[in-house]
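Welcome to a short tour of one protein. Please take a moment to look at the sequence and the 3D structure below before reading on.

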Amino acid sequence: MADHTNDNVATAAREAATAATAATVDPAQARIPDTPAGGTVILLNGTSSSGKSSIAQALLDMLDGTWFHMPVDAFHAMRCKGQISDEDLQAEIDRTCKGFHRAVAGMAAGGNNLVVDYPLSRRWRLLDLLDVLVPEDTILIAVRCPLPELERRERDRGDRQLGLAAMQYDQVHSHELHDLDVDSGLLSPEECARRIRDFVPGRLRPTAFERLRQTLRNPT
């Protein structure tokens, strides 16, 4: 009986404290901010070493308004440094990528504009993004670069798995349809960024994502 009484007293004290706190909270601080419109996502799709990150950084200095650069590499860098066995590695990468997709969608749903640096090197990545992103607000950019140049960059950088670009080369653009292509083998990151910046305001509808969702996710 004593324990039960003590529990009731403790519960009543917590409820009184909660009510007192609620009474002193500024209503403006308790209101969840409105989101008048979702953000725009510029999705840079290219192989490793194709220059996506450099283009993204250049874009941030050129685009009007506030934009965030969201590279998938930043999410991989958050992982603890423990060893991952070879047989578990792909599943680990896939889980990270699936979470990354939802983080991008969540930021855009909050009204934030994003430049996303991400290779669509497995078909499921594109299919999942078609499900979680707003297709009319997504601009899909193909960042292309000749394979010999990609391999040269890999060797010079020294921080990428040799052969990774070649492994991804035939996959990242295999769905073919994009809103805009830029060639980072011919153009500097700044030149690629300017072409993207100039394309964004007058982009046509339906977007590549709208058409891909229709053909790949909602076939008639």
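## A residue hidden in a strand

Let us begin with L43, which is buried because its relative accessible area is 2%. Buried here means under 20% relative accessible area, exposed means over 50%, and partly exposed lies in between, all with a 1.4 Å probe and protein chains only. L43 is found in strand β1. Helices (H or I, at least four residues) and strands (E, at least two) are DSSP runs, numbered from the N terminus.

Which residues is L43 in contact with, leaving aside its neighbours within four places in sequence? They are V116, Y118, L129, I139, L140, I141 and F209, where contact means heavy atoms within 4.5 Å. L43 and V116 are 73 residues apart along the chain, yet their C-alpha atoms are separated by 4.8 Å.

## The model as a whole

Keep in mind that this is a predicted model, in which local features need pLDDT of at least 70 and side-chain atom pairs count only at pLDDT 80 or more, while totals for chains, interfaces and linings use all residues. Residues are numbered from 1 along each chain as its sequence is written, and side-chain values use heavy atoms, with hydrogens and water left out.

The protein has ten helices and five strands. Of its 220 residues, 35% are buried. Among contacts between residues at least 6 apart in sequence, 80% join residues at least 24 apart. The accessible surface comes to about 12,700 Å², and carbon and sulfur atoms account for 53% of this; such areas come from the Shrake-Rupley method with a 1.4 Å probe, and for residues, only the protein chains shown count as cover.

N45 counts as buried because its relative accessibility is 0%.

Not counting residues up to four places away in sequence, N45 touches a list of residues including K52, Y118, L140, V143, H173, H175 and H178.

Helix α10 spans residues 208–217, and its buried residues are A208, F209, E210 and L212. These pack against β1, α6 (123–132) and β4 (138–144).

In the loop between α9 (189–199) and α10 lies P206. A cis peptide bond joins R205 and P206, with omega at about 0°.

## Two positive phi values

Most residues other than glycine have a negative phi, and most peptide bonds are trans. S49 has a phi near 70°, a positive value in a residue other than glycine, and E176 has a positive phi of about 70° although it is not a glycine.

Are S49 and E176 buried or exposed? S49, in the loop between β1 and α3, is buried because its relative accessible area is 6%. E176, in the loop between α8 and β5 (180–183), is exposed because its relative accessible area is 65%.

S50 is found in the loop between β1 and α3 as well. S50 is buried, with a relative accessible area of 1%, and it touches V143, L150, R153 and S184, not counting residues up to four places away in sequence.

## The largest pocket

The largest pocket holds about 1,100 Å³ of space. On a 1 Å grid over the protein atoms alone, a pocket is an open set of points where a 1.4 Å probe fits, with protein on both sides within 12 Å along at least five of seven lines, and lining residues have an atom within 4 Å of a point. Grid points are joined across faces, edges and corners, and the volume is the space filled by probe spheres set on them.

The pocket is lined by 36 residues, of which D73, H76, I93, L164 and Q168 lie nearest its centre. Helix α5 supplies the largest share of the lining, five residues. L164 is found in helix α8 and is in contact with S48 and E154, leaving aside its neighbours within four places in sequence.
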